[in-house]
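Here is a friendly briefing on the model you have open. Take a look at the structure first, and then walk through the notes below topic by topic.

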Amino acid sequence: MKRKTLSVLVIFMATILIGTMASAAGLVFTDDFSSGNFSKWTNAVIEQGDAADSELVGVATISNNALHIKNYDPVGSFFYIAPKGIKTKNFTVSMRVKANSLRDGWIGFSIRKETNDRYNGTNNIMIYFRHNIDGSWVAATRGYFGSVIDINSNFTEQTTFTGDLTVYNTYKVVAKDGTFTAYINDVKVGVLVYDRAATNNPGYVSINA
């Protein structure tokens, strides 16, 4: 499997700006949202219409070369979106994000997804960054068909990023077989070791918030 890189620029109650997946052969995926539309992306609503998953409707918009995700209204909402047609196992995914509010939101990546569905609707690992006024820290869950379990005990390293979350920061996850390393602005903030046969295969990647 070729090593790949996926970058995305996001704002959650915030904004995502640029996405990129690349391999040694060249760039595989990128989006700076300058198109103003979701033509490179997919989720249940984009593919099937509003009735497919009403919780996704109206949560995200694209404007001013950025994806804006409103992830609470007023007590919480959910959103996911995936680059079309990308399945990969070992890769780097990154996105630039700034928070427009620090009310304990989160944003992250659902990876090695067996189907392109919610993180609690398919086999996957979700690595996500929590945010509040004290900083940002990484956490993880394992998704199954119809359920989710906490796998935070599998982190061998975890630290809190205490920089300014209201400016753009780069959030990155490097997936290599059963080891998943998380960074904020290239500073390592967590190492998850989770080696299971069901999650050690190529799968879809999505941004979740």
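Let's begin with the rings: Trp-106, Tyr-119 and Tyr-128 are linked by ring pairs into a cluster. Please keep in mind that this is a predicted model. The chain has 209 residues, and 54% of them are buried. Its secondary structure comes to 1 helix and 19 strands. Among the contacts with a separation of 6 or more, 62% are between residues 24 or more positions apart.

**Aromatic pairs**

- How many aromatic pairs does a search of the whole structure find? The search gives 4.
- Phe-33 and Trp-41 make a stacked aromatic pair, with 5.7 Å from centre to centre and 10 degrees between the planes.
- Phe-33 and Trp-41 are both buried.

**Around Asp-31**

- Asp-31 sits in strand E4, which covers residues 26-31.
- The distance cut-off for a salt bridge is 4 Å, from a side-chain nitrogen of Lys or Arg to a carboxyl oxygen of Asp or Glu.
- Asp-31 does have other partners: its side chain makes a polar contact with the side chain of Trp-41 at 2.6 Å.
- The Asp-31 side chain also reaches the backbone nitrogen of Phe-33, at 2.9 Å.
- Both of these partners, Phe-33 and Trp-41, belong to the stacked pair described above.

**The nonpolar core**

- The largest nonpolar core holds 49 residues, and the members that touch the most others are Ile-111, Ile-127, Phe-129 and Leu-192.
- Strand E12 (residues 121-132) gives the most to this core, contributing 5 residues.
- Leaving aside residues up to four places away in sequence, Ile-127 touches Gly-108, Phe-109, Ile-111, Val-138, Ala-139, Ala-140, Val-173, Phe-180 and Leu-192.
- Two of the residues in that list, Ile-111 and Leu-192, are themselves among the members with the most contacts in the core.

- Leu-102 is found in the loop between strand E10 (91-99) and strand E11 (106-113).
- With a relative accessible area of 26%, Leu-102 is partly exposed.
- Not counting residues up to four places away in sequence, Leu-102 touches Asn-132, Ile-133, Leu-165 and Thr-166.
- The C-alpha atoms of Leu-102 and His-131 are 6.2 Å apart, although 29 residues separate the two in sequence.
- Ile-133 belongs to the loop between E12 and strand E13 (135-145).
- Is Ile-133 buried or exposed? Ile-133 counts as exposed because its relative accessibility is 70%, and the cut-off for exposed is over 50%.
- Ile-133 and Asp-104 are 29 residues apart along the chain, with 7.9 Å between their C-alpha atoms.

**Salt bridges**

- Side chains of opposite charge can pair when their charged atoms come close.
- The whole structure contains 5 salt bridges.
- One of them joins the side chains of Arg-118 and Glu-55, at 2.8 Å from N to O.
- Arg-118 lies in the loop between E11 and E12, and Glu-55 in the loop between helix H1 (44-48) and strand E6 (60-63), so this pair ties together parts 63 residues apart in sequence.
- Arg-118 is buried at a relative accessible area of 16%, whereas Glu-55 is partly exposed at 37%.
- Glu-157 and Lys-188 form another salt bridge, with their closest N and O atoms 3.5 Å apart.
- Here the linked parts are strand E15 (residues 155-158), which holds Glu-157, and strand E18 (residues 187-193), which holds Lys-188, and the two residues are 31 residues apart.
- Glu-157 is partly exposed at 37% relative accessibility, and Lys-188 is partly exposed with a relative accessible area of 37%.
- The side chains of Asp-186 and Lys-172 also meet in a salt bridge, at 2.8 Å from N to O.
- Asp-186 is in the loop between strand E17 (179-184) and E18, while Lys-172 is in strand E16 (residues 169-176), 14 residues away.
- Asp-186 counts as exposed, at 59% relative accessibility.
- Salt bridges with shared partners join Asp-53, Glu-55 and Arg-118 into one network.

Notes: Residues numbered from 1 in each chain as written. Predicted model: local features only at pLDDT ≥ 70, side-chain atom pairs only at ≥ 80, totals over all residues. Heavy atoms only, no water. Core = buried A, V, L, I, M, F, W, Y, C linked by side-chain atoms within 4.5 Å. Buried < 20%, exposed > 50% of the residue type's maximum accessible area, 1.4 Å probe, protein only. Helix = DSSP H or I, 4+ residues; strand = E, 2+ residues; numbered from the N terminus. Contact = heavy atoms within 4.5 Å. Polar contact = N/O pair within 3.5 Å; in protein donor to acceptor, adjacent residues only side chain to side chain. Phe/Tyr/Trp six-rings, centres within 6.5 Å; stacked < 30°, edge-to-face > 60°.
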